[in-house]
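Here are my notes on this model, as numbered points. Please read them with the structure open.

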Amino acid sequence: LGSARNVMLLCFGQTMTGLIIDNFGLFGSAQIPMDMKRIAGGALVLAGIALVNIPAGKDRTENAGGAKGGSLIMYMMLSVLCGFSCASQVALNGTLKEYAGSAVRATFISMVVGLISIIILTLIVIVLKGRYGIYDGGADHGPLRFRAWMPIGGALAIVIVASNAIAAPVLGTGIVTILNLVGMMAAGLAIDATGFLGIEKKPVTLVKIAG
(Lines give C-alpha, C1' and ligand atoms only; values in the text may rest on other atoms or scores of the structure.)
Protein backbone atom coordinates (compact mmCIF):
# COMPACT_ATOMS: atom_id res chain seq x y z
CA LEU A 1 0.00 0.00 0.00
CA GLY A 2 2.83 2.39 0.76
CA SER A 3 3.23 4.05 4.14
CA ALA A 4 1.00 7.09 3.48
CA ARG A 5 -1.98 5.08 2.23
CA ASN A 6 -1.53 2.51 4.99
CA VAL A 7 -1.51 5.19 7.72
CA MET A 8 -4.59 6.86 6.23
CA LEU A 9 -6.60 3.62 6.17
CA LEU A 10 -5.46 2.63 9.65
CA CYS A 11 -6.40 6.05 11.06
CA PHE A 12 -9.74 5.96 9.23
CA GLY A 13 -10.49 2.61 10.89
CA GLN A 14 -9.43 3.92 14.30
CA THR A 15 -11.40 7.17 14.12
CA MET A 16 -14.63 5.72 12.74
CA THR A 17 -14.55 2.72 15.08
CA GLY A 18 -13.96 4.97 18.10
CA LEU A 19 -16.95 7.13 17.23
CA ILE A 20 -19.16 4.09 16.58
CA ILE A 21 -18.13 2.45 19.88
CA ASP A 22 -19.06 5.67 21.70
CA ASN A 23 -22.39 5.99 19.88
CA PHE A 24 -23.59 2.48 20.76
CA GLY A 25 -21.68 2.05 24.05
CA LEU A 26 -20.01 -1.12 22.74
CA PHE A 27 -17.71 -3.32 24.86
CA GLY A 28 -19.24 -1.88 28.03
CA SER A 29 -17.97 1.65 27.36
CA ALA A 30 -19.92 4.81 28.18
CA GLN A 31 -22.49 5.77 25.51
CA ILE A 32 -21.81 9.13 23.85
CA PRO A 33 -24.32 9.76 21.02
CA MET A 34 -23.06 10.66 17.55
CA ASP A 35 -23.83 14.17 16.37
CA MET A 36 -22.75 16.43 13.52
CA LYS A 37 -20.07 18.04 15.67
CA ARG A 38 -18.40 14.69 16.35
CA ILE A 39 -18.69 13.63 12.69
CA ALA A 40 -17.14 16.94 11.59
CA GLY A 41 -14.38 16.52 14.19
CA GLY A 42 -13.59 13.03 12.89
CA ALA A 43 -13.46 14.34 9.32
CA LEU A 44 -11.12 17.15 10.42
CA VAL A 45 -8.81 14.63 12.09
CA LEU A 46 -8.66 12.55 8.91
CA ALA A 47 -7.97 15.66 6.81
CA GLY A 48 -5.09 16.55 9.12
CA ILE A 49 -3.69 13.03 8.93
CA ALA A 50 -3.87 13.22 5.12
CA LEU A 51 -1.76 16.41 5.19
CA VAL A 52 0.76 14.89 7.59
CA ASN A 53 1.23 11.87 5.33
CA ILE A 54 1.53 13.63 1.97
CA PRO A 55 4.70 12.11 0.47
CA ALA A 56 7.36 14.57 -0.64
CA GLY A 57 10.14 14.24 -3.20
CA LYS A 58 11.59 10.74 -3.45
CA ASP A 59 9.04 9.47 -0.92
CA ARG A 60 6.33 9.74 -3.60
CA THR A 61 7.79 6.75 -5.41
CA GLU A 62 7.95 4.68 -2.21
CA ASN A 63 4.38 5.54 -1.25
CA ALA A 64 2.98 4.80 -4.69
CA GLY A 65 3.88 1.11 -4.49
CA GLY A 66 1.28 -1.55 -5.19
CA ALA A 67 0.68 -5.01 -3.84
CA LYS A 68 3.01 -7.78 -4.97
CA GLY A 69 0.40 -9.55 -7.06
CA GLY A 70 -3.32 -9.70 -6.49
CA SER A 71 -5.84 -7.07 -5.52
CA LEU A 72 -5.12 -4.21 -3.13
CA ILE A 73 -8.53 -4.70 -1.50
CA MET A 74 -7.31 -7.41 0.90
CA TYR A 75 -4.38 -5.23 2.04
CA MET A 76 -6.65 -2.22 2.47
CA MET A 77 -9.08 -4.30 4.53
CA LEU A 78 -6.19 -5.49 6.72
CA SER A 79 -5.13 -1.90 7.36
CA VAL A 80 -8.67 -0.83 8.31
CA LEU A 81 -8.96 -3.97 10.50
CA CYS A 82 -5.80 -2.87 12.33
CA GLY A 83 -7.43 0.51 13.01
CA PHE A 84 -10.60 -1.22 14.21
CA SER A 85 -8.53 -3.39 16.56
CA CYS A 86 -6.66 -0.39 18.01
CA ALA A 87 -9.86 1.52 18.80
CA SER A 88 -11.59 -1.59 20.16
CA GLN A 89 -8.64 -2.26 22.45
CA VAL A 90 -9.05 1.24 23.94
CA ALA A 91 -12.68 0.46 24.85
CA LEU A 92 -11.95 -3.07 26.06
CA ASN A 93 -9.05 -2.01 28.27
CA GLY A 94 -11.15 0.82 29.72
CA THR A 95 -13.96 -1.59 30.60
CA LEU A 96 -11.46 -4.17 31.88
CA LYS A 97 -10.04 -1.55 34.24
CA GLU A 98 -13.53 -0.95 35.68
CA TYR A 99 -14.12 -4.69 36.19
CA ALA A 100 -10.62 -5.43 37.50
CA GLY A 101 -10.72 -2.49 39.89
CA SER A 102 -7.40 -0.95 38.87
CA ALA A 103 -5.35 -0.02 35.81
CA VAL A 104 -2.48 -2.20 37.07
CA ARG A 105 -4.65 -5.33 37.11
CA ALA A 106 -6.16 -4.51 33.73
CA THR A 107 -2.72 -3.95 32.21
CA PHE A 108 -1.41 -7.18 33.74
CA ILE A 109 -4.32 -9.23 32.37
CA SER A 110 -4.03 -7.69 28.90
CA MET A 111 -0.25 -8.11 28.66
CA VAL A 112 -0.30 -11.70 29.96
CA VAL A 113 -2.91 -12.65 27.34
CA GLY A 114 -0.70 -11.00 24.70
CA LEU A 115 2.37 -12.89 25.96
CA ILE A 116 0.58 -16.26 25.94
CA SER A 117 -0.80 -15.57 22.44
CA ILE A 118 2.60 -14.69 20.98
CA ILE A 119 4.21 -17.77 22.58
CA ILE A 120 1.55 -20.00 21.00
CA LEU A 121 1.97 -18.31 17.59
CA THR A 122 5.76 -18.60 17.84
CA LEU A 123 5.55 -22.32 18.61
CA ILE A 124 3.19 -22.84 15.65
CA VAL A 125 5.59 -21.05 13.29
CA ILE A 126 8.56 -23.05 14.64
CA VAL A 127 6.67 -26.33 14.06
CA LEU A 128 5.71 -25.30 10.51
CA LYS A 129 8.93 -23.55 9.39
CA GLY A 130 11.62 -24.43 11.92
CA ARG A 131 13.39 -21.99 14.19
CA TYR A 132 14.54 -19.88 11.24
CA GLY A 133 10.90 -18.99 10.67
CA ILE A 134 11.26 -16.85 13.81
CA TYR A 135 14.95 -15.96 13.93
CA ASP A 136 17.18 -15.49 10.89
CA GLY A 137 20.83 -14.91 11.68
CA GLY A 138 21.82 -14.95 8.01
CA ALA A 139 24.52 -12.98 6.23
CA ASP A 140 22.30 -9.96 5.57
CA HIS A 141 22.30 -8.77 9.19
CA GLY A 142 24.70 -11.05 10.99
CA PRO A 143 24.01 -12.51 14.43
CA LEU A 144 21.54 -10.64 16.62
CA ARG A 145 23.35 -8.46 19.15
CA PHE A 146 21.57 -6.98 22.13
CA ARG A 147 21.13 -3.22 22.18
CA ALA A 148 19.84 -1.14 25.10
CA TRP A 149 16.89 0.20 23.07
CA MET A 150 15.55 -3.24 22.05
CA PRO A 151 13.20 -3.82 25.05
CA ILE A 152 11.75 -0.30 24.84
CA GLY A 153 8.95 -1.36 22.48
CA GLY A 154 7.63 -3.85 25.04
CA ALA A 155 7.81 -1.25 27.81
CA LEU A 156 5.94 1.25 25.65
CA ALA A 157 3.23 -1.36 25.02
CA ILE A 158 2.59 -1.39 28.78
CA VAL A 159 2.35 2.42 28.74
CA ILE A 160 -0.16 2.27 25.86
CA VAL A 161 -2.41 -0.33 27.50
CA ALA A 162 -2.31 1.31 30.95
CA SER A 163 -2.88 4.84 29.63
CA ASN A 164 -5.86 3.78 27.54
CA ALA A 165 -7.32 1.78 30.43
CA ILE A 166 -7.15 4.86 32.67
CA ALA A 167 -8.33 7.44 30.12
CA ALA A 168 -11.09 5.60 28.21
CA PRO A 169 -13.67 5.42 31.07
CA VAL A 170 -13.24 9.15 31.70
CA LEU A 171 -12.95 10.64 28.19
CA GLY A 172 -14.69 8.05 26.03
CA THR A 173 -13.24 5.80 23.33
CA GLY A 174 -13.60 8.29 20.47
CA ILE A 175 -11.69 11.12 22.17
CA VAL A 176 -8.96 8.79 23.49
CA THR A 177 -8.53 7.25 20.03
CA ILE A 178 -8.21 10.68 18.39
CA LEU A 179 -5.76 11.88 21.06
CA ASN A 180 -3.74 8.71 20.43
CA LEU A 181 -3.59 9.66 16.75
CA VAL A 182 -2.48 13.21 17.59
CA GLY A 183 0.35 11.83 19.72
CA MET A 184 1.32 9.34 17.01
CA MET A 185 1.45 12.01 14.31
CA ALA A 186 3.45 14.43 16.49
CA ALA A 187 5.94 11.74 17.47
CA GLY A 188 6.13 10.56 13.86
CA LEU A 189 7.07 14.04 12.65
CA ALA A 190 9.67 14.37 15.43
CA ILE A 191 11.19 11.01 14.47
CA ASP A 192 11.21 11.97 10.78
CA ALA A 193 12.93 15.27 11.59
CA THR A 194 15.59 13.86 13.92
CA GLY A 195 16.27 10.43 12.40
CA PHE A 196 15.73 8.87 15.84
CA LEU A 197 17.61 5.56 16.37
CA GLY A 198 19.10 5.74 12.89
CA ILE A 199 15.78 5.93 11.03
CA GLU A 200 16.15 7.75 7.71
CA LYS A 201 15.40 11.46 8.04
CA LYS A 202 12.47 12.77 6.01
CA PRO A 203 11.50 16.39 5.34
CA VAL A 204 8.99 17.90 7.77
CA THR A 205 7.19 20.50 5.67
CA LEU A 206 4.88 23.33 6.72
CA VAL A 207 1.98 21.37 5.20
CA LYS A 208 2.72 18.40 7.45
CA ILE A 209 3.04 20.64 10.52
CA ALA A 210 -0.29 22.28 9.64
CA GLY A 211 -1.84 18.83 9.31
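1. Start with the salt bridge between Glu 98 and Lys 97, where N and O lie 3.7 Å apart. The term stands for a side-chain nitrogen of Lys or Arg within 4 Å of a carboxyl oxygen of Asp or Glu. Lys 97 is partly exposed, at 22% relative accessible area. The bands used here are buried under 20%, exposed over 50% and partly exposed in between, with a 1.4 Å probe and protein chains only. Side chains of opposite charge can pair when their charged atoms come close.

2. The basis of these values needs stating. This is a predicted model, in which local features need pLDDT of at least 70 and side-chain atom pairs count only at pLDDT 80 or more, while totals for chains, interfaces and linings use all residues. Residues are numbered from 1 along each chain as its sequence is written, and side-chain values use heavy atoms, with hydrogens and water left out.

3. How many salt bridges does a search of the whole structure find? The search finds 2. Asp 22 pairs with Arg 38, with the closest N and O atoms 2.7 Å apart. This pair links distant parts of the chain: Asp 22 sits in helix α1 and Arg 38 in helix α2 (residues 36–52), 16 residues apart. Asp 22 has a relative accessible area of 0%, so it is buried. Arg 38 is buried as well, at 16%.

4. Beyond its neighbours within four places in sequence, Ile 32 contacts Asp 22, Asn 23, Arg 38, Leu 171 and Gly 172. Contact means heavy atoms within 4.5 Å. Is Ile 32 buried or partly exposed? Ile 32 counts as partly exposed because its relative accessibility is 25%.

5. Thr 17 lies in helix α1 (residues 3–24). Its relative accessibility is 10%, so Thr 17 counts as buried. A polar atom of the Thr 17 side chain is 2.6 Å from the backbone oxygen of Gly 13. Leaving out residues up to four places away in sequence, Thr 17 touches Phe 84, Ala 87 and Ser 88.

6. Which residues make up the largest nonpolar core? There are 8: Cys 11, Val 45, Ile 49, Val 52, Ile 178, Leu 181, Met 185 and Leu 189. Such a core is a set of buried Ala, Val, Leu, Ile, Met, Phe, Trp, Tyr and Cys residues joined through side-chain atoms within 4.5 Å. Helices α2 and α7 (173–194) each give two or more residues. The most come from α7, with 4. Ile 49 is in contact with Val 7, Met 8, Cys 11, Leu 181 and Met 185, neighbours within four places in sequence aside.

7. Now the overall picture. The protein has 8 helices and 0 strands. Helices are DSSP runs of H or I with at least four residues, strands are E runs of at least two, and numbering starts at the N terminus. Of the 211 residues, 27% are buried. Among contacts between residues at least 6 apart in sequence, 69% join residues at least 24 apart. The protein exposes about 13,200 Å², with 73% supplied by carbon and sulfur atoms. These areas come from the Shrake-Rupley method with a 1.4 Å probe.

Notes:
Polar contact = N/O pair within 3.5 Å; in protein donor to acceptor, adjacent residues only side chain to side chain.
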